[in-house]
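Reader: Please show the model, and then take me through it in questions and answers.

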Amino acid sequence: MQTARTTEQWRELDAAHHLHPFTDPHSLNQQGARVITRGEGIHLWDSEGHKIIDGMAGLWCVNIGYGRKDLPEVARRQMEDLAYYNTFFKTTHPAVVELSHLLSEVAPEGFRHIFYTNSGSESVDTMMRMVRHFWAVQGKPEKKVLIGRWNGYHGSTIGGASLGGMTYMHEQGDLPIPGIEHVEQPWWYKYGKDMTPEEFGLAAARWVEDKILEVGPERVAAFVGEPIQGAGGVIIPPSTYWPEVERICRKYDVLLVADEVICGFGRTGEWFGQQTMGFRPDIFTTAKGLSSGYLPIGAVFVGDRVANVLVAGGDFNHGFTYSGHPVAAAVAHANVKALRDEGIVDRVKNETGPYMQERWRATFGNFDHVDDVRGVGLIQGFTLVRNKATHELFPEWGTAGTMCRDIFFENNLIMRACGDHIVAAPPLVITKAEIDEMLGVAGRCLERFEKVVREKGMA
Ligand SMILES: Cc1ncc(COP(=O)(O)O)c(CNc2cccc(C(=O)O)c2)c1O
């Protein structure tokens, strides 16, 4: 529904009536929001007619690309047949049944049960209540502490924000809630420089063991982490980290949870990031790529050990009005089916992912203020540094990142600054030619960024 207005009119109404997430309203209203009106493949258009390369797939979510004609048609048909019915009180409907069956097929072995939500945050909160319920029904109600990582991101609900390790979120709303602990993140570039990455991965995993022993294994319900931290700046742990974390969780009988909201549905070149990073969780949370953002939906994949206890454990008193919403479920089914049947996930693994990683390193590997160039599949990043030789970061964390992000934006390219990490996660349908297009623009933007760094005397 797009009333014909000028950009200025949209901006004025937006400033008057719309509160944006994670935004300083005063600052935004001074410059005015960019009005995005259309999308096609990896490109967006704004109300001024600018064609924009969306190197972030929206918010890490439009895996299948913009402008699909099939998904709106699926939504229309489902809406006409059954726009809504709930899955409480012994009812179900074909859309959520078919989606559940399909998801059990694309999931790693041992995940046959799915609980539905409307977002990643709700998936995380669902998981938090589920793991505590899992131990309580087995007579261990005191086994309820959840361990996350500093600089991990698990959403913006009270539970998800508490489990996440973004301290600037904890400061708003008196978080974290009780029963949440954090360990340091497996960021080799900052914490592991005196070790090989492999040695650091084991050391970082031992932080989890130390915390379990500090809290007491009998009180720890689960350890929760993103296979690769996304919003924290694409922090890719060394290969030894996750297998060692899994070994430690098994040793102390602590459930292992993967938050796959970003890493899921092909982002890393496998269906799920746990497969790329080499570990098997007991539960994993998803959203984003489940529907490619075409409609809000999330899903918690429950492994057999937990599902068997839940199924036998009586009422799990949790759920949402829109859990398994018919239209969202139908669109998610069509989306996942297309990711599979059009070979999109396979192409990320075998063609466009390797190509992106090779071109990403070639494009950013030789700048004076860019280091730790990294990535896998179609999730990648690098860190802006003051001195590459000494690994010295810029003094005011985030200033350089914002400068660089703004230069991308001025050049009609969207990439994210997470502090001084620059990250990208384009739609999975990106072609090799579009990767060349995107990185051509990005490389020129980095040249501009380094010129500004020199002019400002930041080096
Ligand atoms: C790992 C993870 N877990 C949970 C959530 C929460 O999902 P919802 O937003 O749907 O409730 C996320 C979301 N990740 C997210 C959301 C919004 C912005 C950015 C960013 O990188 O700027 C990242 C996420 O990345």
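Author: Helices (H or I, at least four residues) and strands (E, at least two) are DSSP runs, numbered from the N terminus. This is a predicted model, in which local features need pLDDT of at least 70, side-chain atom pairs count only at pLDDT 80 or more, and totals for chains, interfaces and linings use all residues. Residues are numbered from 1 along each chain as its sequence is written, and side-chain values use heavy atoms, with hydrogens and water left out.

Reader: In which helix does Ile248 lie?
Author: The helix in question covers residues 241–251. Ile248 lies in α11.

Reader: Is Ile248 buried or exposed?
Author: Buried means under 20% relative accessible area, exposed over 50%, and partly exposed in between (1.4 Å probe, protein chains only). The relative accessibility of Ile248 is 0%, so this residue counts as buried.

Reader: Which residues is Ile248 in contact with, leaving aside its neighbours within four places in sequence?
Author: Contact means heavy atoms within 4.5 Å. With neighbours within four places in sequence set aside, the contacts of Ile248 are Ala205, Arg206, Glu209 and Ile212.

Reader: How much of the ligand does the protein bury?
Author: A polar contact is a pair of N or O atoms within 3.5 Å. An N or O atom in the side chain of Trp60 is 2.8 Å from an oxygen atom of the ligand, and a polar side-chain atom of Lys288 is 3.3 Å from a ligand nitrogen atom. Accessible areas come from the Shrake-Rupley method with a 1.4 Å probe. Taken alone the ligand exposes 540 Å², of which the protein buries 83%.

Reader: What radius of gyration does the protein chain have?
Author: This radius is taken over C-alpha atoms, and the globule rule is 2.2 Å times the number of residues to the power 0.38. For 459 residues a compact globule would therefore have a value near 23 Å, and the protein chain agrees with 22 Å.

How values were computed. Polar contact = N/O pair within 3.5 Å; in protein donor to acceptor, adjacent residues only side chain to side chain.
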